[in-house]
Every structure is written in C-alpha cells, then in structure tokens.
Amino acid sequence: MTRSPADLMRVNLLEVFNEPDPDRRAAVIAENYAEDVVWHEPDRINHGRADFARRAAELLAEKPDWVFRPAGTASKLDDIGHLGFQYGPADGQPPVVSGMDIARTRDGVIIELYTIVAEIRQASS
C-alpha cells in the first residue's frame, strides 16, 4: 500500500518515535523510509535507515517516560508532508518541546526528513 505524505507524517511521529519495541520500530522504518533516507536534525544529519533507527532509539532511551504528540493535523503539498509535534512527559504535564517534521516523499516512502525545533521550555518539577 502506498501511503500519502500526510499518512507518512503520522507514521513517522506515532509509529517510529513513540514505539518502544525496537523490532516493531525497525519494521516500520523498513516499510516507510527509503534505504538511503536522510534525516536532518538541528544538530546532526543521519544517513540511511540503520543510522535513522539508531538515532530514534537514542532519543527514545534519553527520556523513556516522555511521548511525542501531534500538534494539529498532518498535511501535504505535492510530495511534501508536514506535521507539528509536542514532546514531553506522558503523565499529563505540559509538553517541553514543540516543533515540526517536514518530509519529502517519493513512491510512498520518506526520502528526506527535516526536524525543526521551535521551542524548548523547562520541564515541570
């Protein structure tokens, strides 16, 4: 099944960056990202699915009790998808990070992902 850019943005946020099981996360990455995907973070660039999966695992391990939430609906324009996100404690506290993921897609997979961090707030104590 070929997913739309908006569908891929929801998969990216909810089925990759909220998936604690590494095998399930790897399967989603293999199905929804190009082999040579490039992920641009604010402070690094990740090349290929293996690098992408490794970095996603690192982020999940840093704050295992935090979750990503959509901030609005996923949208598309031609082959570009985008979705705002919030990231923070899963226990109902306000999110700490907000930003947006923007992806270029081709043939139903993400070929390039840009993560833009818009705001970082102090976590509640």
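**Entry 1: salt bridges**

I counted 13 salt bridges, taking a salt bridge as a side-chain nitrogen of Lys or Arg within 4 Å of a carboxyl oxygen of Asp or Glu. The model is a predicted one, in which local features need pLDDT of at least 70, side-chain atom pairs count only at pLDDT 80 or more, and totals for chains, interfaces and linings use all residues. Residues are numbered from 1 along each chain as its sequence is written, and side-chain values use heavy atoms, with hydrogens and water left out.

I looked up Arg 55 and Glu 58, whose side chains meet in a salt bridge at 3.1 Å, N to O. Both residues belong to helix α3, and because they are three residues apart there, about one helical turn separates them. I took helices (H or I, at least four residues) and strands (E, at least two) as DSSP runs, numbered from the N terminus. An α-helix has 3.6 residues a turn, so residues three or four places apart point the same way. Arg 55 counts as buried at 8% relative accessibility, whereas Glu 58 is partly exposed at 35%. For these words I used relative accessible area: buried is under 20%, exposed is over 50%, and partly exposed is in between (1.4 Å probe, protein chains only).

I then turned to Glu 41, which forms a salt bridge with Arg 44, with 3.7 Å between the closest N and O atoms. Glu 41 is buried, with a relative accessible area of 12%, and Arg 44 is partly exposed at 33%.

I also examined Glu 112 and Arg 104, a salt bridge in which the closest N and O atoms are 2.9 Å apart. Here Glu 112 is buried at 14% and Arg 104 is partly exposed at 33%. Salt bridges that share partners join Glu 41, Asp 43, Arg 44, Arg 55, Glu 58 and Glu 62 into one network.

**Entry 2: aromatic pairs**

I found eight aromatic pairs. Rings of Phe, Tyr and Trp (its six-membered ring) pair if their centres lie within 6.5 Å; planes under 30 degrees apart are stacked, over 60 edge-to-face, and the rest tilted. Trp 39 and Phe 52 make a tilted pair, at 4.9 Å centre to centre and 45° between the planes. This pair links distant parts of the chain, since Trp 39 lies in strand β1 (residues 33–41) and Phe 52 in helix α3 (residues 48–62), 13 residues apart. I noted that Trp 39 and Phe 52 are buried.

Ring pairs link Phe 17, Tyr 33, Trp 39, Phe 52, Trp 66, Phe 68, Phe 85 and Tyr 87 into a cluster. Over the face of Trp 66 lies Lys 63, at 4.8 Å from the ring centre; the criterion was NZ of Lys or CZ of Arg within 6 Å of the ring centre and within 35 degrees of the ring normal.

**Entry 3: Phe 17 and helix α1**

Where is Phe 17 found? I located Phe 17 in the loop between α1 (5–16) and α2 (22–32). At 4% relative accessibility, Phe 17 counts as buried. Leaving aside residues up to four places away in sequence, Phe 17 touches Asn 12, Trp 39, Phe 52, Ala 56, Leu 59, Leu 60 and Phe 68, with contact meaning heavy atoms within 4.5 Å. Phe 17 and Phe 68 are 51 residues apart in sequence, yet 6.9 Å apart in space, C-alpha to C-alpha.

In α1 I recorded Pro 5, Ala 6, Leu 8, Met 9, Val 11, Asn 12, Leu 13 and Val 16 as buried.
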